[in-house]
Amino acid sequence: MTVTENSPTLSENEVKFEELLAMGAKIEPRDWMPDDYRKTLIRQIGQHAHSEIIGMQPEGNWITRAPSLKRKAILMSKVQDEAGHGLYLYSAAETLGADRTDMLEKLNNGKMKYSSIFNYPTPCWADMGAIGWLVDGAAICNQVPLCRTSYGPYARAMVRICKEESFHQRQGYEIMLTLSNGSAKQKQMAQDALNRWWWPAIMMFGPRDDQSPNSELSLKWKIKLFSNDELRQKFVDIAVPQANILGLTIPDKDLSWNEKTGHYTYGEPDWEEFFEVIRGNGPCNKERVSNRREAHENGQWVRDAAIAYAKKHAEAALSKAA
Amino acid sequence: MTHKKGYPLWEVFIRSNRGIDHKHAGSLRAADAEMALQNARDLYTRRSEGVSIWVVPSNQIVASDPDDKETLFDPAEDKVYRHPTFYSLPDELEHM
Ligand SMILES: [Fe+2]
Ligand SMILES: [Fe+2]
Ligand SMILES: [Fe+2]
């Protein structure tokens, strides 16, 4: 299909595209779509894929030191799931014409971003609990509506991911529960982990709506279905009663129940810190990216060997057939 | 579709249970068919979602063009007599 810039068929395409969106129908890979729709999706899906892959590191850090064989097996499963999530998402991005090798290169050289949350360290076992409960919990708030996003392959990847996330959150909460019901020292570990992860989790939803320039178009195109602040509110409303069950205190002095709105009022996170982490100056940015780059480079010989092996066998099969 | 330096792309189809068709699950990259099957197992059946897997090189799939929708699918549209509801038969008629 060749369409020149000013051709009347362009607007016809646009009309058809808008109609599909208005009907709530999905846009599929071979449909016409505006360039910016494609670009926005490639950026968003790519960043999401990178977040899953980088997100393996803070938890991977504890696999060898999990306190029991059961916890070790669970944590390994979770980290393996996150790798899977990354791969579903790279596949979805590729249906838009993005190249996976390209995206990974951009991750490795810092040209593409991933979620700021994975730049925080995990010094304590309790962090595995807080991450599952809060970080996967926040991800679920973000991702459940994305199951209805307008781009078909992205929506289908999200359905698959959401099914698996529920286990992630529950295993994390169970770690927190076990620690909270343990000795005073263990309970303190859980509280400290909550203190470390609460604000970064709050910031996972991105800047405030009045500071979020890309959001409007994404909402119009039904790539996003809720604004950052709407999702953040939903998360706070869910998480506060969960903290109460644990008997832990959320480190926000402004947190209070608002009878009128039927929602919790919460305090303002340190946005200065958020933008510093985004700019690459968080506590672990350099380590995360250099680990990733190293893993990629160290795996190059394996990929080369696999390709050489496949080529040799394909040639042998051809000459046998000839 | 040739790939810069990576593995080629494969489409994965999974039969979730005996008696059910294979259904498209997604895609993945792998150097050859054997690796594609193994990766599909790890990627798409981590929770026993399948009893059988097909992998097909993505570039071997021939797809219809969404812009051909009219010419391709319209011929079926005016053939309402292909549906059982087209025929008005007496109410007392049973088992038909
Ligand atoms: Fe995930
Ligand atoms: Fe995620
Ligand atoms: Fe997760």
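1. The largest pocket of this predicted model holds about 1500 Å³ of space. A pocket here is an open set of points, on a 1 Å grid over the protein atoms alone, with protein on both sides within 12 Å along at least five of seven lines, and its lining residues have an atom within 4 Å of a point. The volume is the space filled by probe spheres set on the points, which are joined across faces, edges and corners.

2. The lining of the largest pocket counts 46 residues, and A:Thr95, B:Glu11, B:His24, B:Gly26 and B:Ser27 are those that lie nearest its centre. At least two lining residues come from each of α4 (69-94) and α7 of chain A and β1 (9-15) and β2 (23-29) of chain B, while α7(A) gives the most, with 7 residues. Helices (H or I, at least four residues) and strands (E, at least two) are DSSP runs numbered from the N terminus.

3. Donors are N, O and S atoms within 2.8 Å of the metal (3.2 Å for Na, K and Ca), and sites may look incomplete because water is not among the atoms. A:Glu82 also bridges this ion to the iron ion (ligand 1), the two lying 3.3 Å apart.

4. Within chain A, A:Asp136 sits in helix α6 (residues 126-146) and A:Glu165 in helix α7 (residues 152-180), so the pair ties together parts that are 29 residues apart in sequence. Both A:Asp136 and A:Glu165 are buried, where buried means under 20% relative accessible area, exposed over 50% and partly exposed in between (1.4 Å probe, protein chains only).

5. Two residues of chain B deserve a look at their backbone. B:Ser48, which is not a glycine, has a positive phi of about 50°; it is placed in the loop between α1 (33-44) and β3 (52-57) of chain B, and B:Ser48 counts as exposed because its relative accessibility is 65%. B:His95, likewise a residue other than glycine, has a positive phi near 55° and lies in the segment after α2 (69-73) of chain B; at 82% relative accessibility, B:His95 counts as exposed.

6. On conventions, residues are numbered from 1 along each chain as its sequence is written, with chains lettered from A and ligands numbered from 1 in the order in which they are written. Local features need pLDDT of at least 70 and side-chain atom pairs count only at pLDDT 80 or more, whereas totals for chains, interfaces and linings use all residues, and side-chain values use heavy atoms, with hydrogens and water left out.

Key: On a 1 Å grid over the protein atoms alone, a cavity is a set of points where a 1.4 Å probe fits but cannot get out, and a pocket is an open set with protein on both sides within 12 Å along at least five of seven lines; lining residues have an atom within 4 Å of a point.
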